[in-house]
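Visitor: I am new to this structure and would like a close look at a single part, the place where the two chains meet. Please take me through it slowly.

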Amino acid sequence: MTRPRLPGVEEAVRGIWPLLSLAVILVVLMALCSLGPVVLQRVATDALIKLVMVVGLYVFVGNSGVLSFGHASFMMLGGYGAAWLDVPVRYKSILMDELPAFLGKAEFHPGLVALAAMGWAGAFAFLIGIPLMRLSGIGAAIGTFSWLTIVFVVHAGWEEMTGGTSSFNGLPIYVDIWVALIAALFVMLVAYVFQTSKLGLAGAMMLILIFPPGGTHGRARAALPRLPRQRARRAIPLTPGERGKRVKRAGRAMDAGRREP
Amino acid sequence: MTTAIQVIIDALSVGSLYALMALGIGLILGIMRLINFAHGEFVMIGAYMLMAIVAQYEPLAIIVSMVLVVVLALFSERIAFRPVRNASPTTMLVTSFAVSYFLQYLFVMIYGARPKGFEFLVGLAEPFVTGAIRIPKLNVAIVAVTIVLLVGLALFLTRSRFGVQMRAAALNFRMARLLGVRADRVIAVAFALSGILAGVTAIFITVQGGTLSPGMGVQLALIGFVATIIGGMGSLIGAVLGGYFIGVVAVLLQFGLPLEMRPYREAFVFAAVILVLLARPQGLFRGAKARERV
């Protein structure tokens, strides 16, 4: 005999409440900021961009426990990737005239370019993740730091493509407080879905494998051959009322033809 | 042939500097499992103290600067690291970042963020000239002093009472305390040794580079940290070898890469680091602690 199930809506809201509450707070806060002076809006936009950075980092670090120093490299890849496709051709032909032809003549809508840049950075992240995730713990952290250095050095050195250490000017400015807010909400949704989905739970299990609760000694102990365990017998409750209830239940079960639990 | 000798000496001297940094970080890592990013700042402060004190008498500046760095190391251990000694590794890491940033910006406040030029021990810049070979005296000095320090450290760790206690503490801290090793004293000695290493590194970095800036320690600390990890966490020999590995690879790449690829030298160095980690995730040398005992 089980309690009646909760209606589906209430369960769904309860499940998504962590995300929903934060999103509502964020939207209200940004709506208030958008009424303020331009300086406040810039600060709020900057805060939202940093939120995107941190939540993106959390998707990896929070679920796997590995400190990733390489997160900034993906920002670099995404930024320059977007710049190659975003900057109006009239700027590119003057400032960055050594770009290859298919980039020098490219100019697309910033929204599409953002998606393309996400794909560009994501592809590199996936590719470098394959070897790096064979490492664990601090080795993986060093690996990500090495990746960061590699990406930084390549971008800083390849002057024809990136302008080297001087800046790549001319990108269209389209991120105001509302665009940043949409990006922040999107990232929060992705992080939440990842965390509660099967992929995220698998990540949580990896975390337990890499950092087992008993320490690495626990892992060594677990590697020893195990004796077959006996099924533990539950302790018999002592109060007469409880015992009486169990006897009655056992009797009813035997009457119905089932084995005594 | 002459270029080969010069490249080898160059590689050894760069490797020695990185090895000293890695040793300074590895000593504390082995005992406390704390990654001391503030070690770079110890080096930076040592260099600035050289500049502040030099006056006319250079050996005095060296002695006073090293004493000050050791005092700073002990002070930071007492104030910043002792309260978090038993906290999680992440807390200790964040504490060391905090100390590092604090010291950096303290010196930005005092001296300004612009790099300052500083000539020290100018005589070391001249080379030994034998035939066609010109070896800067500085490189020879670095290699020689590093060898002396390594031998001295090895003797200290194997022969002296404190050294043996430190090795015991690095192996199993709790057991060592149960056997009578004083934790405070051992950790203080470790920090003092790391301060001495930082002071020596500061001298060589100053003579080699000629400029001081508050951010000069960050790059060194990062390389020292990477060297410690690829050498094997908790192993001092590994830290030294990791430092030499990175130094030798960097100089060989600088010498061997084609001209267009030279700006990307660091990328190749760190690609080599990734390959080493993939080949031996525990590092080149596994410390005594990492060996599984079943």
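**Where chain B meets chain A**

Guide: Between chain B and chain A, 2 residue pairs are in polar contact, both at pLDDT 80 or more. The model is a predicted one. Salt bridges across the interface of chain B and chain A number 0. The area buried between the two chains is about 1700 Å², and carbon and sulfur atoms give 89% of that area. The size of an interface is often given as the accessible area lost when the parts come together. Counted by residues, the contact takes 20 from chain B and 20 from chain A.

On the side of chain B that touches chain A, the elements giving two or more residues are helix 9 (216-231) and helix 11 (265-279) of chain B. Helix 11 of chain B supplies the largest share of that side, 8 residues.

The nonpolar cores come next. The largest nonpolar core has 120 residues, and Met166(B) and Ile246(B) are those with the most contacts inside it. Helix 1 (residues 2-32) of chain B gives the most to this core, with 16 residues. Leaving aside residues up to four places away in sequence, Ile246(B) touches Tyr18(B), Ile223(B), Val226(B), Ala227(B), Ile230(B), Val269(B) and Val273(B). In soluble globular proteins, nonpolar side chains tend to be buried together.

Key
Residues numbered from 1 in each chain as written. Chains lettered and ligands numbered in written order. Predicted model: local features only at pLDDT ≥ 70, side-chain atom pairs only at ≥ 80, totals over all residues. Heavy atoms only, no water. Core = buried A, V, L, I, M, F, W, Y, C linked by side-chain atoms within 4.5 Å. Buried < 20%, exposed > 50% of the residue type's maximum accessible area, 1.4 Å probe, protein only. Helix = DSSP H or I, 4+ residues; strand = E, 2+ residues; numbered from the N terminus. Contact = heavy atoms within 4.5 Å. Buried area = accessible area lost by both parts, 1.4 Å probe. Salt bridge = Lys/Arg side-chain N within 4 Å of Asp/Glu carboxyl O. Polar contact = N/O pair within 3.5 Å; in protein donor to acceptor, adjacent residues only side chain to side chain.
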